[in-house]
Amino acid sequence: MFCKTRTRLFKMSSAPPVKYKGLQNQGATCYLNSVLQVLFMTKEFREKVERATSSTARPPLGYPDKADILAELKSLFDELEHGDGSVSTRGITNRLHIDNVYQQQDAVEWFQKILSELGEGVTKDFQGNMQQLLKCSKKGHDVKEDNKFISVLLPVGTENDRVYDVKECLEDFFKSTMLDEDDWMYCDQCDDKTIKDVSCEIERHPTILALHIKRFYFDYMRHGFVKNCCRISIPSHVTLQKSEYDLYGVINHRGGYQGGHYDAYINPPEDGGWYCFDDGRVQRIADDFMKSSETAYLILYRKSKQPKNKKRKRKRKKAASGQKKKRSRRKHRWGKRH
Ligand SMILES: [Zn+2]
């Protein structure tokens, strides 16, 4: 498959000095840098890391590495916040036992690895729970399977001449699917391959929704992994089974399966703009990358605080309609009087 690796040109806004810091590339550690920047810019996570390390002076018994990684992240975050110039990640690569810093690796794998190393307390904003409903066609009973997740692997199409919408891919993912005969699943109760219908429901919505775009897949014709460079549009807002989410980060991969380069587009907390974090360089960018991206690989959304606003709006509406009623009653009384 032909893979466009051309870097997009951005319309630079009338450049105010960028206050955010980059991370040094040790060789081919851009995959790690993009993950660390996204984690740093996830405010909920950053605060938990800061709190957890300060209260964990000594490593928890039996988990010396966990405390080390927390302490290392805390120190990295501290430098990203208060240090000068681009920040070194040597402490992190040592703690994660990344010995060969010249080997390109998968950013999503490391995103998941770092979060699973840290344990549930620190990472609970990323955790969701999904229930898979498997419908048995023989007796009509449901088989339910619970799956915890920290990212959702989202399949997209492979046609080069169209733009896929992440919103539609997400809807398709949760639609009930009739399986092809070859894929029918085994039902324990019926002792037969009678499960033909599969659907997914979110049992617990994560605060941070990480969508892992399925860019890499095994091609049986070529006997190897290939990259799907299809274009996707990334909505700034999505709904996941009645929960609303706002976009705040994208990790991009440019290049093919064997190698390439990662960077991250992030809208930092309490900042109206978007920035490209490309190792040591941080630049302000326009948000038109959302319309069509050939590079988006991990897309991060934060649960929006809208329901509260909606509640407030509803309250205000109620109060306003109460006022109207009062006024109309008053009018009515006055009408009577006059
Ligand atoms: Zn059955």
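Begin with helix 1, which passes helix 5 in a right-handed crossing; a crossing is right-handed if the near helix is turned clockwise from the far one by less than a right angle, and left-handed if anticlockwise. Helices (H or I, at least four residues) and strands (E, at least two) are DSSP runs, numbered from the N terminus. The model is predicted: local features need pLDDT of at least 70, side-chain atom pairs count only at pLDDT 80 or more, and totals for chains, interfaces and linings use all residues. Residues are numbered from 1 along each chain as its sequence is written.

**The helix pair.** Select residues 107–118 to display helix 5, whose axis lies 9 Å from that of helix 1 at an angle of about 50°. Axes are lines fitted to C-alpha atoms, for helices over the stretch in contact, and angles run from 0 to 180 degrees between N-to-C directions. Helix 1 is therefore oblique to helix 5, given that angles under 35 degrees count as roughly parallel, over 145 as roughly antiparallel, 65 to 115 as roughly perpendicular and the rest as oblique.

Next, select Tyr 31, Leu 32, Ser 34 and Val 35 on helix 1, together with Ala 107, Trp 110, Phe 111 and Ile 114 on helix 5; these residues make the contact. Two residues are in contact if their C-beta atoms, placed from the backbone, lie within 7 Å.

Colour helix 1 by burial: 11 of its 11 residues are buried. A residue is buried if 20 or more other C-beta atoms lie within 10 Å of its own, exposed if 12 or fewer, and partly exposed in between, with C-beta atoms placed from the backbone.

**The core.** The largest nonpolar core holds 58 residues, and Val 35, Ala 107, Ile 251, Leu 298 and Ile 299 touch the most other members. Helix 1 (residues 30–40) supplies the largest share, 8 residues. Such a core is a set of buried Ala, Val, Leu, Ile, Met, Phe, Trp, Tyr and Cys residues joined through C-beta atoms within 7 Å. Centre the view on Ala 107: beyond four places in sequence, its contacts include Val 35, Ile 251, His 253, Tyr 262 and Leu 298.

**A last stop.** Move to Ile 150, in the loop between strand 2 (142–149) and strand 3 (152–154). Ile 150 is partly exposed, because 18 other C-beta atoms lie within 10 Å. Its contacts beyond four places in sequence are Gln 112, Leu 115, Phe 126, Gln 127 and Ala 210.
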